[in-house]
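Here is a quick tour of one protein model, written for someone who likes to know which side chains meet which. Have the structure open while you read.

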Amino acid sequence: MNRFKQCTYTAILLVTCLVASPFIYKQIWNSSAEKKKTESLPPITVNVPTQSAETATTQNGTQAGTDAGAASTVAVPADPDAQSTAATETETAAAANQFQYVQSDASYFSDALFIGDSRTVGLRDYGTLKNADYFCDVGLAAYKIDSQTVNGNTIAGFLGQKKYGKIYVMLGINEVGNNFDYTVKAYGNLINTIRQAQPDALLYIVANLHVTAGAQNDAISNERINYLNASLSQFADYKSIFYIDVNPVFDDADGNLRGDATGDGVHVYANYYKTWCDWFCTQTVRK
């Protein structure tokens, strides 16, 4: 009787295994497939800012070099305005409102150094401040300035070759499509480099020029430029570091670069660099 029961239980167990095995096998197969699918996913990578090729018009169709083409879009904040810090902007605005710039002539710039991208190249080539020094190049950006040379010299070399009374920095249009925190940090590192090499110089942070309405795209827009400019303006203390913004000179009623002042939507015509230099003369600080 016990042997009969044992055989019966064995038979029941075998039948159960036969019935359940397809379901067990299916579950194992699905789990294995899901694991393989997960393992085959590409690793998550952080994009590094890239720079676009550069072509632009500065005067009546003459190509002189541009840097605001297709910038990379890396970890872009969905709503830049939502990320603005009202308190710090208010403090900076209050300091700026209390400060008065004075008019100077071109001699003010005899001990000045201008650091910038292709727009600063335009100031050097077409502007009237010929007594200043220029460290500028098409495509120059804060995140790569330490490794870039101009006429065989690095930024450290320029800062170490003589004592400057004023240093102007206008960078960011090549980085406006990149991660804002990354760009501002690189800009801050440049300011520290300048401060270490030229502790007595007045430092001017020059706002990035707007682009025309038609030149805007997902990576480069005046909303993004304004957000970047506002972020960079926070470096100003209006004691030794000052923020100046030329955009009201060239903007239209909608806050875009005027179409009649540019041929490519990004750079002003050559004859407007004189206007820009005249404006620099109105935004000076006397120690």
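Asp 200 is partly exposed, at 46% relative accessibility (buried means under 20% relative accessible area, exposed over 50%, and partly exposed in between, using a 1.4 Å probe and protein chains only). This is a predicted model, so local features need pLDDT of at least 70 and side-chain atom pairs count only at pLDDT 80 or more, while totals for chains, interfaces and linings use all residues. Residues are numbered from 1 along each chain as its sequence is written, and side-chain values use heavy atoms, with hydrogens and water left out.

**Salt bridges**

The partner of Asp 200 is Lys 163: their side chains meet in a salt bridge, 3.7 Å from N to O. Lys 163 sits in the loop between α4 (155–161) and β7, and Asp 200 in the loop between α5 (180–197) and β8, so the pair ties together parts 37 residues apart in sequence. Helices (H or I, at least four residues) and strands (E, at least two) are DSSP runs, numbered from the N terminus. Lys 163 itself is exposed, at 62% relative accessibility.

The model has six salt bridges, counting a side-chain nitrogen of Lys or Arg within 4 Å of a carboxyl oxygen of Asp or Glu. Side chains of opposite charge can pair when their charged atoms come close. Here are some of them:

| Pair | N to O distance |
|---|---|
| Lys 166 and Asp 111 | 2.7 Å |
| Asp 133 and Lys 162 | 3.4 Å |
| Lys 163 and Asp 200 | 3.7 Å |

Lys 162 is partly exposed, with a relative accessible area of 35%.

Then there's the salt bridge between Lys 166 and Asp 111. It links distant parts of the chain, with Lys 166 in strand β7 and Asp 111 in the loop between α2 (86–98) and β3, 55 residues apart. Lys 166 counts as buried at 11% relative accessibility, whereas Asp 111 is partly exposed at 24%.

Is Asn 208 buried or exposed? It is buried, with a relative accessible area of 2%, and its place is the loop between β8 (202–206) and α6. The Asn 208 side chain reaches the backbone oxygen of Leu 171 at 3.1 Å and the backbone nitrogen of Ile 173, also at 3.1 Å. For a polar contact, the N or O atoms must be within 3.5 Å; within protein, one must be able to donate a hydrogen and the other to accept it, and residues adjacent in sequence count only if both atoms are side-chain atoms. Leaving out residues up to four places away in sequence, Asn 208 touches several others, including Arg 119, Gly 172, Ile 225, Leu 228 and Asn 247 (contact means heavy atoms within 4.5 Å).

Ile 225 and Leu 228 are among the buried residues of α6. Nine of the twelve residues of α6 are buried, so this helix is largely enclosed by the rest of the structure. Arg 119 is one of the buried residues of helix α3 (residues 118–126), whose buried residues pack against β3 (112–116), β4 (133–136), β7 (166–170) and α8.
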